[in-house]
Amino acid sequence: GALLVSERIDREELCGALSPCSLSFEIVVENPLELYSGTVEIQDINDNDPVFPSSQARLEISESVAAGARFPLESAQDPDVGINSLQTYQLSPNPHFVLDVQTRVDGSKYAELVLEKELDREEQQELHLVLTALDGGSPPRSARMQIHIDVVDANDYAPVFNQSTYKASVRENTPSGTLVARISAYDLDDGPNGDIVYSFSSHTPTKVRELFALDSATGELRVKGQLDYEEMKLYEIHLQAKDKGAVPGVAHCKVLVEVVDVNDNAPEVTVTSVYSPVPEDAATGTVVALLSVTDLDSHDNGLILVQVSDVNDNAPKSSQDSYDVYVLENNMPGIPILNVSATDPDLGHNAHLSYTLLQGDPTVGHLFSINRDNGTLYLLTSLDHEDQVEFSMMVQVQDGGSPPLVTNVSVSVFVTDLNDNAPTVLYPHPNTTATYTDVVAPGTPAGYMVTKVVAVDADAGYNAWISYALLQATDPSLFSVGLHSGEIFTARQLQEDDAPQHTLVILLKDHGEPVLSASATVSISVAEMAKEVLTDLTDVAPANDPRRHVTFYLILAVILVSAAFFITMLSVGIFKCYKWRQSKEMFNSSRSTLYRTPGPFHHIDAVRGGFMPPSFYHQVYLTTDSRQSDLLCKKPFTSSPLGSRQSTMRNGEPGLYHQIVGTASQLPMPAE
């Protein structure tokens with residue numbers, strides 16, 4: 001497991017000016033399989049001397065240049081890095097110039113001569129200086145350059161740049177000839193002394209001169225070589241402008257060029273096979289190869305993106321498992337009532353959802369429709385609360401995968417009630433020519449219930465709550481009506497001088513918004529006996545009614561038939577009673593239920609008389625004021641097998657027995 005150096009390492013050859021310089025590697029350990037990543041950093045040693053581009057430099061400086069003027073010098077280059085690179089410059093002692101060492105943005109050093117004492121050509125025409133470059137090694141390495149300065153006659157004006165620093169950015173794949181920046185200087189002199197020539201400063205590195213070109217006449221800086229962001233991200237370029245005078249004036253500026261990274265490096269994939277060949281019985285999850293991916297680009301350009309393909313492994317998910325929707329009846333057709341919302345975390349076609357209304361109930365498909373794309377549920381027709389209160393349906397949400405996954409969502413639509421139905425009078429029936437006359441005897445005390453107005457309202461809840469009020473009466477002081485029951489009572493005792501016939505108009509109102517109403521007309525006759533009632537009924541009948549005699553005979557026939565029927569039933573009852581007395585067992589088991597105590601206005605039980613099976617039983621009451629023999633029928637009133645035959649009785653099957661009770665004038669009228 002020892003890591004050895006296989007050949008001589010040269011840091012400058014491997015990494016150039018990049019620091020730190022590192023080499024990455026991976027180590028695979030088998031049995032068990034493990035992967036380790038390692039990095040070897042190549043440390044720099046001071047094995048390179050600084051080097052000047054030339055051993056001599058020549059400058060021409062006018063004697064008129066003021067103190068403080070600066071003159072850039074050529075820079076030395078040292079391929080070492082860090083402390084071993086070029087660190088400083090030294091200038092041989094002299095009375096006129098001092099040295100100012102500057103640092104570029106990339107950390108490299110350069111030197112400028114600064115005029116400390118003005119020159120005098122008559123006193124000294126030339127100067128000889130020595131510039132020494134030193135690195136930071138121990139001991140330090142150095143390089144020297146001779147500087148020859150010629151003192152020349154004065155040139156009135158020197159060129160001046162319009163700005164001291166220019167900034168530009170350029171993409172690393174920019175083709176040769178692309179304009180980077182345009183520098184500009186001016187000179188107030190006329191003629192050749194005012195003509196300006198642009199050039200690189202003497203301390204501009206050779207690498208920069210190879211990558212950029214400067215137009216000496218226009219000052220346009222253009223790309224010349226191939227820029228590489230991975231090699232250098234920022235270039236600091238020093239330029240100068242000289243006029244064409246006998247003693248040329250010089251101005252200096254710098255251009256900062258930022259190199260923008262481009263995704264120009266493809267990822268490099270390294271595959272290390274660690275398990276080859278693979279046995280045919282290799283277990284699932286066995287490592288076959290190790291892959292490493294590197295990219296020389298930076299930031300997002302240096303990421304390798306691994307695309308994960310989607311599998312339809314998620315069913316649509318609704319925000320709710322069920323929805324309850326409330327819709328007012330009498331709605332406008334075509335309105336949206338609900339939006340079924342669902343999501344699918346899958347991608348693309350696997351996440352495309354479609355909505356379908358399952359046709360469990362055939363009526364649902366005619367009343368409701370759903371938008372397949374967005375799940376909006378529409379109501380196609382107007383609903384009626386009195387027709388159907390609730391609709392249940394199932395919405396299926398399906399994705400676009402193969403095979404598709406589905407989710408079912410239940411929807412319940414409740415039709416809320418509106419007050420769209422007025423009360424309906426059942427008794428007295430408003431749609432018949434018959435006159436319903438109730439009879440009350442003279443002298444009847446106050447609080448006696450004479451009759452009852454029966455009504456229903458097809459609406460529900462508060463909308464169906466009916467109240468009753470006396471709207472009009474022959475004698476308003478004689479009768480009153482129950483507010484919620486519709487029962488008509490005597491408000492005081494009937495007197496001899498009270499009118500024999502009374503007509504009451506009852507107002508029925510529900511409690512909806514708006515309030516709907518109906519009215520019922522009730523006729524009440526004050527009489528002692530049925531004969532008087534019949535006479536009164538004949539008197540009140542219209543003179544031109546051709547059916548008045550027929551009605552009278554029908555009523556008389558009903559009374560006679562009822563009497564005959566009563567006698568027959570009484571005979572049958574006596575016969576059954578005789579047979580019953582012969583059977584003690586039957587007597588013991590049903591004595592309490594087979595007989596009732598005789599009394600006034602009681603019906604005769606034909607079932608117990610043996611005329612028909614006990615499963616067929618019905619009651620019919622005949623009112624004392626029924627001029628046209630109207631029969632008021634009631635359904636079975638027990639939970640015995642009689643009630644289970646309700647449908648049979650409605651269909652009028654043979655064997656149905658009616659019990660008819662005739663009432664005499666001296667007997668009070670039943671409450672209902």
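Buried means under 20% relative accessible area, exposed over 50%, and partly exposed in between (1.4 Å probe, protein chains only). This is a predicted model: local features need pLDDT of at least 70, side-chain atom pairs count only at pLDDT 80 or more, and totals for chains, interfaces and linings use all residues. Residues are numbered from 1 along each chain as its sequence is written, and side-chain values use heavy atoms, without hydrogens and water.

Q: Is Ile83 buried or exposed?
A: Ile83 sits in the loop between strand S4 (70-72) and strand S5 (86-91). Its relative accessibility is 55%. Ile83 therefore counts as exposed.

Q: Leaving aside neighbours within four places in sequence, which residues is Ile83 in contact with?
A: Contact means heavy atoms within 4.5 Å. Ser138 lies 55 residues from Ile83 in sequence and 9.6 Å away in space, C-alpha to C-alpha. The contacts of Ile83 are Asp135, Gly136 and Gly137.

Q: How many contacts beyond four places in sequence does the model have for residues 589-672?
A: pLDDT is the predictor's confidence in each residue, from 0 to 100. Over residues 589-672 it stays under 50. Where pLDDT is low, the predicted coordinates should not be read in detail. The model's count for residues 589-672 is 142 contacts.

Technical notes: Helices (H or I, at least four residues) and strands (E, at least two) are DSSP runs, numbered from the N terminus.
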